[in-house]
Structure formats: structure tokens, C-alpha cells
Amino acid sequence: MPRARILYVTDLAYPARGRRYCDEDIHLTSRLRDAFDLALCHPRDALALMDAFDAVVVRNSGPVLAYREAYQAFRAHALHTGARVYNPLTGRADMAGKQYLLDLTEAGFPVIPTVDHAAGLERLPAAERYVVKPKLGADSIGLRVVPAAELPGLADGTVLVQPHVDFAYEVSFYFVDHDFQYALYAPDPDRRWELQPYAPGPEDLRFARRFIEWNGLRHGVQRVDACRAPDGELLLVELEDLNPYLSLDALPADRRDAFVTAFTASLHRFLAA
């Protein structure tokens with residue numbers, strides 16, 4: 001039986017701060033070759049190559065802002081032809097932009113309160129400082145921390161405004177399909193990429209699963225980023241469903257192997273669906 005052909009989209013030269021994306025994809029592809037016929041390409045080349053493969057796996061491809069036109073053309077072609085893209089292009093979170101943070105705020109989900117217009121500023125809790133970031137931003141590009149007095153002139157619908165939360169730590173929950181895999185956290189908020197394994201309790205997992213279920217992706221890898229607020233509550237920071245960095249190097253070898261096994265099984269299910 002012929003093996004499935006996978007086009008694995010990654011930017012091996014992407015200059016990530018505090019981590020090396022390329023190492024993760026080199027490791028993952030070295031393992032996936034045991035199960036699939038595999039080729040790597042830059043996101044700008046995906047459109048020209050994708051029709052020759054059974055599926056396209058989008059991994060550490062960097063912020064779409066760097067190649068927006070190429071990504072939109074790739075996405076349009078995939079939707080038109082029915083090409084299999086993993087993660088599937090039906091994600092409602094970062095894959096579709098930052099509108100979901102506004103929607104989840106309106107729906108009462110445990111998310112850092114978010115508005116985008118000056119008329120909504122009164123709905124935000126009082127804070128000494130506020131975070132302002134572009135709706136089309138990624139990887140903290142364009143993020144600013146400003147006092148309340150500056151907000152009316154900034155909240156024009158093109159940015160997101162959130163109270164600056166003095167959180168105890170950030171924690172991320174990693175899922176393959178709807179199955180929890182592992183969690184990592186940064187004990188020191190000033191060293192957000194020095195991650196350690198985190199043992200989530202039942203309430204933590206209920207929190208994370210709520211967003212996975214909301215997003216509705218049957219297949220794919222997702223990362224739920226949260227912060228521990230001063231009152232002990234977890235609040236969503238981001239739901240990454242396009243190309244989440246997995247920080248596999250922070251895991252012990254057995255957990256890393258378990259993730260690769262789950263990832264491979266998910267791809268087989270995706271191809272068979």
C-alpha cells in the first residue's frame with residue numbers, strides 16, 4: 001500500500017525570540033518520515049507545490065503577516081480544490097484573526113477582557129496600565145503598554161485593548177485533536193520562554209478543554225495559552241490553532257515521544273476521514 005505524501009510547511013530560518021523553531025521541525029520531520037513520504041517547503045512555496053501531495057501540514061511557518069498575500073492565495077486554493085490542510089482551515093481562533101478574543105469576552109468566557117473601540121472601554125476593569133496590540137498582529141508585533149489616558153485615541157477598531165494583568169505565571173496546554181497531551185509553564189513572568197513541565201489539575205483541564213471544544217476542530221494541534229490572575233483564576237491569553245510552536249525541547253524524552261505518536265496517529269485519522 002503506497003504511503004501518503006505530506007507537504008510539511010515551515011520557515012526553518014524564522015528568527016524566533018528565545019527559541020529555535022527549526023530544531024522542532026527538524027525533529028518532527030525526522031520522526032514523521034517513518035510513516036509518510038515527506039517534503040519540506042517554505043510557506044511562500046506551498047501554493048505551487050501542494051497539488052502534488054495528499055495533505056499539507058502547516059507547522060512553524062512564522063507569522064502570516066510576513067507573507068499575507070501568499071497565505072491568502074494558498075488558503076483560497078485549498079478551499080477551492082478541497083485540499084487537505086492540517087490544521088483544517090475551519091479554525092475560529094488565531095487562524096481567523098483576533099476577533100475571537102472579542103467574541104469570547106462578549107460570551108462571558110474566562111478570557112482577558114478585550115475591546116476594540118473607545119465606546120467599549122468602560123466595560124474593561126480599571127487598571128493602571130493597558131495592553132494595546134494590532135488586530136492583525138502576531139508574536140507581540142506592535143504590542144504597547146500604555147496608561148488609561150491614551151486609550152480613547154488608540155481604540156479605533158484596528159487594535160485590541162486589554163487591562164495589563166499582573167499574572168503569577170503563564171501556562172500553555174497542548175492538544176492533538178481533542179486529546180490533552182502536556183502542559184508547560186513559565187514560573188518567571190520575565191522569562192516567558194524558559195518553560196517547565198506543568199501538572200494541571202482537573203479545573204485547569206476543564207478550563208483548557210472549554211476552548212478546544214468551542215473551536216470545534218476535529219483534527220489538528222492546538223495550544224491554549226493562559227495566565228494565572230492574581231485571584232487564582234486562569235484567563236485565556238491566546239488560542240493558537242494555525243501553527244502553534246510546541247516547545248518540545250522542554251519535555252522529557254518519553255513525553256516528546258508520546259506526542260509524536262499522537263501526532264502521527266492524528267495525521268493517519270485525518271487522511272482517512
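The model is predicted. In this numbering, Asp-177 lies in the loop that connects strand 9 (170–176) with strand 10 (179–186). Although Asp-177 is not a glycine, its phi is positive, at about 55°. The relative accessible area of Asp-177 is 5%, and the residue is therefore buried, since the cut-off for this class is under 20%.

A positive phi is also found at Ser-247, again not a glycine, with a value of about 50°. Ser-247 belongs to the loop between strand 13 (234–240) and helix 6 (253–272). With a relative accessibility of 2%, Ser-247 counts as buried. A further feature of the backbone concerns the peptide bond between Tyr-86 and Asn-87, which is cis, with omega at about 5°. Asn-87 is placed in the loop between strand 4 (85–86) and helix 4 (99–106). These features stand out because most residues other than glycine have a negative phi, and most peptide bonds are trans.

Strand pairing was examined around strand 8, which spans residues 156–163. Six of the eight residues of strand 8 are buried, and the strand is thus mostly covered. Strand 8 pairs with strand 6 (residues 129–134) in the antiparallel sense, over five bridges. Within strand 8, Leu-160 stands opposite Lys-133. Strand 5 (residues 115–117) also runs antiparallel to strand 8, and two bridges join them. Here Val-115 has Val-161 of strand 8 as its bridge partner. In a regular strand, side chains alternate between the two faces of the sheet.

The structure holds 18 aromatic pairs. One of them is formed by Tyr-71 and Phe-74, whose ring centres are 6.2 Å apart and whose planes make an angle of 40°, a tilted arrangement. The two residues are three apart in helix 3 (residues 68–81), so about one helical turn separates them. Tyr-71, at 8% relative accessibility, counts as buried. Phe-74 likewise counts as buried, at 4% relative accessibility.

Ring pairs also link a cluster made up of Phe-109, Tyr-169, Phe-173, Tyr-185, Tyr-198, Phe-207 and Phe-211. Phe-109, a member of this cluster, has Arg-210 over its face, at 4.3 Å from the ring centre. A second contact of this kind involves Arg-84, which lies over the face of Phe-270 at 6.0 Å from the ring centre.

The relative accessibility of Ile-26 is 47%, so Ile-26 counts as partly exposed, a class that lies between the buried cut-off of under 20% and the exposed cut-off of over 50%.

Note on methods. Residues are numbered from 1 along each chain as its sequence is written. This is a predicted model: local features need pLDDT of at least 70, side-chain atom pairs count only at pLDDT 80 or more; totals for chains, interfaces and linings use all residues. Side-chain values use heavy atoms; hydrogens and water are left out. Rings of Phe, Tyr and Trp (its six-membered ring) pair if their centres lie within 6.5 Å; planes under 30 degrees apart count as stacked, over 60 as edge-to-face and the rest as tilted. Helices (H or I, at least four residues) and strands (E, at least two) are DSSP runs, numbered from the N terminus. Buried means under 20% relative accessible area, exposed over 50%, partly exposed in between (1.4 Å probe, protein chains only). A charge sits over a ring if NZ of Lys or CZ of Arg is within 6 Å of the ring centre and within 35 degrees of the ring normal. Two strands pair if DSSP finds at least two bridges between them.
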